Amino acid sequence: MKSVEQHVSDILATVSSPRPIELDLLRAHGSVLAEQVVAEVSLPPFDNSAMDGYAVRSADVAGASTGEPVLLPVVADIPAGDTFTSVIPAGMCARIMTGAPMPVGADSVVPVEWTDGGAATVAVRRPAAEGNAVRREGGDVRKGTEVLSAGVRIGPAEIAVLASVGRRSALVHPRPRVVVLGTGAELVEPGRRLGPGQIWDSNSFMLTAAAIEAGCEGYRHGFVGDDPATVLGAIEDVLVQADIVITSGGVSMGAYDVVKEVLLRMGTVRFDKVAVQPGMPQGHGTVGDSRTPIITLPGNPVSSYVSFHLFVLPALRKLSGLPEEPLPSVRARLLTPVASSPRGKRSYLRAVLDYDASGGDVAYTASVVTRQGSHQLSALAETNALVVVPEQETHLPEGSVVEVVKLPYR
Ligand code: AMP
Ligand code: MG
């Protein structure tokens, strides 16, 4: 059997990040930056006021106090966006608003709260040191410096930074288009009535949602039955809109394991037993003329879910232009024993991870939930983590310290 790590690296070898494209700011949201962004002007671009108040010469107000306020004539009114360069002679001042350009001659801003708020003449009751409430040109970013590096995911903060340096678009790795296809003659669309022997399709919804949550464009193609021609036709159909295809079901050893049957024939997809539980039967490779990567997950819902995190997420990161990174994990103390785990396979048991504020050497506790069957999908919604039981362990006592994978967004 193949190790989890080997399977991940085999998958990554079939995947490459698509060519970067230039996207308008909001379209770029959620994708990964493919260029270094440098500020072409300093930010702020000019000295401006940090407060509503009066632009003064600090020397003129040095002696101001509540008992003996300094009276200054107000010779200009400078709103934000003012394009006129005011000049303030000695002994005078200008009313100024937050973000408005500092007038020539002034070196300080007296906040309106330190004055009587006068419009023609103002009484200043406190001194304001040189530079008080003045935002200096370049005080945020100096012209020519890097503000964003390639490889960051573009969220609201990055969009703000791009816009603030005047960028309307950015060169990004487009968000990968992930097409999900379920297989199984027993499947019925949720919302329809179940017949005998049927179940509702959940995998294709779950996998599509998981792909979207991972920052991709997820497309649910729905599901097809277990007929080879239909499965092949569906895979061919989705290729035009897919950067990667994810299927569920039909990859085990059964007589109707149709995904395996049709893709094996093509010769570009291989099927392996991976030393993992749940999720042993796995397939991966490429399909079609443009060699679109495909990952075929087992159909049991829990297997599909766990396999997605172990095998699909790394591929989606690479497709997205993100660097390789293991799933985030912590060490936790088991509050429940692990009664049995197959020797030679690594188990990922659904668990509840909690922060342990008691200050011990291990900062988390983990409780493995009951209902670990790979069909027992309802337990997934109660859990937020996967307890990792190493290949050589067959059971673990309560109190053992284990590695626990934190599931994203839970
Ligand atoms: P398979 O991998 O096709 O042998 O399926 C294994 C188990 O997973 C069977 O019990 C299937 O009914 C179930 N299964 C397969 N696909 C889905 C799906 N899309 N949604 C829910 N259960 C599924
Ligand atoms: Mg099936």
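**Core, sheet and salt bridges of the predicted chain**

Ile-295 is in contact with Ile-11, Ile-244, Val-245, Ile-246, Thr-247, Gly-283, His-284, Phe-311, Val-312 and Ala-315, leaving aside residues up to four places away in sequence. The model in which these contacts occur is predicted. Ile-295 belongs to the largest nonpolar core, a set of 36 residues. Within this core the residues with the most contacts are Ile-295 itself, Val-178, Ile-244, Ile-246, Phe-311, Leu-316 and Tyr-348. Two or more residues each are given to the core by the helices α1 (4–13), α3 (203–213) and α6 (301–320), and by the strands β13, β17, β21 (292–297) and β25 (385–389). Helix α6 provides the largest share, 11 residues. Another core lies apart from this one and has 19 residues, among them Val-179, Leu-239, Ala-242 and Leu-263.

The chain as a whole contains six helices and 26 strands. Its radius of gyration is 31 Å, well over the 22 Å that the globule rule gives for 410 residues, so the chain is more spread out than a compact globule. Along the principal axes, the C-alpha atoms fill a box of roughly 95 × 55 × 40 Å. Of the 410 residues, 47% are buried. The accessible surface amounts to about 19,500 Å², and carbon and sulfur atoms account for 53% of this surface. Among contacts between residues at least 6 apart in sequence, 70% join residues at least 24 apart.

One open sheet is made of three strands in the order β1-β12-β2, with antiparallel pairing. Strands β1 and β2 (32–33) stand at the edges and have a single partner strand each, so one side of each is left without a neighbour in the sheet. Strands β1 and β12 are joined by four bridges. In one pairing between them, Leu-23 has Ala-170 of β12 as its bridge partner.

Side chains of opposite charge can pair when their charged atoms come close. The chain has 17 salt bridges. One of them is formed by Glu-22 and Arg-167, at an N to O distance of 3.9 Å. This pair links distant parts of the chain, 145 residues apart: Glu-22 lies in strand β1 (residues 21–24), and Arg-167 in the loop between α2 (156–164) and β12 (169–173). Glu-22 is partly exposed, with a relative accessible area of 46%, and Arg-167 is also partly exposed, at 23%.

A salt bridge with an N to O distance of 3.1 Å joins Arg-177 and Asp-243. Here the partners are 66 residues apart, Arg-177 in strand β13 (residues 177–183) and Asp-243 in the loop between α4 (228–238) and β17 (244–248). Arg-177 is partly exposed at 28% relative accessibility, whereas Asp-243 is buried, with a relative accessible area of 18%. Asp-243 counts as buried because its value of 18% falls under the cut-off of 20%.

In the salt bridge between Asp-361 and Arg-333, the closest N and O atoms are 3.2 Å apart. Asp-361 is in the loop between β23 (346–355) and β24 (364–368), 28 residues from Arg-333 in strand β22 (residues 329–334). Asp-361 is exposed, with a relative accessible area of 70%, while Arg-333 is partly exposed at 32%. Salt bridges also link Lys-2, Asp-10, Arg-270 and Asp-272 in a network.

Technical notes: Residues numbered from 1 in each chain as written. Chains lettered and ligands numbered in written order. Predicted model: local features only at pLDDT ≥ 70, side-chain atom pairs only at ≥ 80, totals over all residues. Heavy atoms only, no water. Salt bridge = Lys/Arg side-chain N within 4 Å of Asp/Glu carboxyl O. Buried < 20%, exposed > 50% of the residue type's maximum accessible area, 1.4 Å probe, protein only. Core = buried A, V, L, I, M, F, W, Y, C linked by side-chain atoms within 4.5 Å. Contact = heavy atoms within 4.5 Å. Pairing = 2+ DSSP bridges. Rg over C-alpha atoms; globule rule 2.2 N^0.38 Å. Areas by Shrake-Rupley, 256 points an atom, 1.4 Å probe, with all protein chains shown as cover.
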